[in-house]
Amino acid sequence: MTEPYQVPAPEQQPYQPQETYQQAYAQPAAAPVVDNGGFGWGFLGFLIPLVGLILFLVWKDTKPKTAKAAGIGALVGVIVSVIFSILGFVLTLAAASMYSYY
């Protein structure tokens with residue numbers, strides 16, 4: 001009588017791939033984040049307020065001092081431009097009212 005199930009000999013066993021685990025490479029130590037709130041970033045934010053706002057939003061969690069400098073620069077830049085715009089408008093109206101077209 002033959003057995004219904006025979007275990008194949010070791011050389012005849014079906015191929016079963018071995019699970020391989022790739023060892024994670026050691027990550028290099030990250031350079032320390034320099035957050036000194038540089039004047040240059042504040043000045044850049046003053047000159048180009050949109051850039052200062054974007055830098056503030058990007059850096060507010062990782063570099064809070066530098067983000068604050070860029071944000072304050074942007075805010076001061078917007079305020080100064082609004083003041084100069086109002087001053088220019090008032091001076092233009094004053095100059096135009098001095099001349100009579102009659």
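# Notebook: helix packing in a predicted model

**Entry 1: α2 against α3.** I started with helix α2 (residues 49-59) and helix α3 (residues 64-98), which pack at an angle of about 155° with their axes 8 Å apart. The angle is over 145°, so I noted α2 as roughly antiparallel to α3. The crossing of α2 past α3 is left-handed. I am working with a predicted model here.

Next I listed the residues that meet. On the α2 side I found Pro49, Gly52, Leu53, Leu55, Phe56 and Trp59. On the α3 side I found Pro64, Thr66, Ala67, Lys68, Ala70, Gly71, Ala74, Gly77 and Val78. I sorted this contact of α2 with α3 by class: 10 residues are nonpolar, four are polar and one is charged.

**Entry 2: overall layout.** I stepped back to the whole protein. I counted three helices and zero strands. From the N terminus on, the order is α-α-α. The protein has 102 residues, and 14% of them count as buried. I also looked at contacts between residues at least 6 apart in sequence: 63% of these join residues at least 24 apart.

**Entry 3: α1 against α2.** What angle do α1 and α2 make? I read about 135°, with the axes 5 Å apart. This angle lies between 115 and 145, so I put α1 and α2 down as oblique to each other.

From α1, the residues in this contact are Trp41, Leu44, Gly45, Phe46 and Leu47. They meet Pro49, Val51, Gly52, Leu55 and Trp59 in α2.

**Entry 4: length of α3.** I checked the span of α3 against its residue count. With 35 residues at 1.5 Å a residue, α3 should span 51 Å. Its end C-alpha atoms are 51 Å apart, which agrees.

**Entry 5: buried residues of α3.** Which residues of α3 are buried? I listed Thr66, Ala67, Ala69, Ala70, Gly71, Gly73, Ala74 and Gly77. The buried residues of α3 pack against α1 (39-47) and α2. I then took two of them in turn.

**Entry 6: Thr66.** I located Thr66 in helix α3. Its relative accessible area is 3%, under the 20% cut-off, so Thr66 is buried. What does Thr66 touch, leaving out residues up to four places away in sequence? I found Asp35, Asn36, Gly37, Gly38, Trp41 and Trp59.

**Entry 7: Ala67.** I looked up Ala67, also placed in helix α3. Ala67 has a relative accessible area of 1%, so I logged it as buried. Again leaving out residues up to four places away in sequence, I found that Ala67 touches Phe56, Trp59 and Lys60. I also took a C-alpha to C-alpha distance from Ala67 to Gly45: 10.0 Å in space, for 22 residues in sequence.

**Entry 8: Ile54.** I turned to Ile54, found in helix α2. Is Ile54 buried or partly exposed? Its relative accessibility is 46%, between the 20% and 50% cut-offs, so I logged Ile54 as partly exposed. The C-alpha atoms of Ile54 and Ala74 are separated by 9.5 Å, and the two residues are 20 apart along the chain.

Notes:
Residues are numbered from 1 along each chain as its sequence is written. This is a predicted model: local features need pLDDT of at least 70, side-chain atom pairs count only at pLDDT 80 or more; totals for chains, interfaces and linings use all residues. Side-chain values use heavy atoms; hydrogens and water are left out. Axes are lines fitted to C-alpha atoms, for helices over the stretch in contact, and angles run from 0 to 180 degrees between N-to-C directions. Helices (H or I, at least four residues) and strands (E, at least two) are DSSP runs, numbered from the N terminus. Angles under 35 degrees count as roughly parallel, over 145 as roughly antiparallel, 65 to 115 as roughly perpendicular and the rest as oblique. A crossing is left-handed if the near helix is turned anticlockwise from the far one by less than a right angle, and right-handed if clockwise. Contact means heavy atoms within 4.5 Å. Ala, Val, Leu, Ile, Met, Phe, Trp, Tyr, Cys and Pro count as nonpolar, Asp, Glu, Lys and Arg as charged, and the others, Gly among them, as polar. The expected span of a helix is 1.5 Å times one less than its number of residues. Buried means under 20% relative accessible area, exposed over 50%, partly exposed in between (1.4 Å probe, protein chains only).
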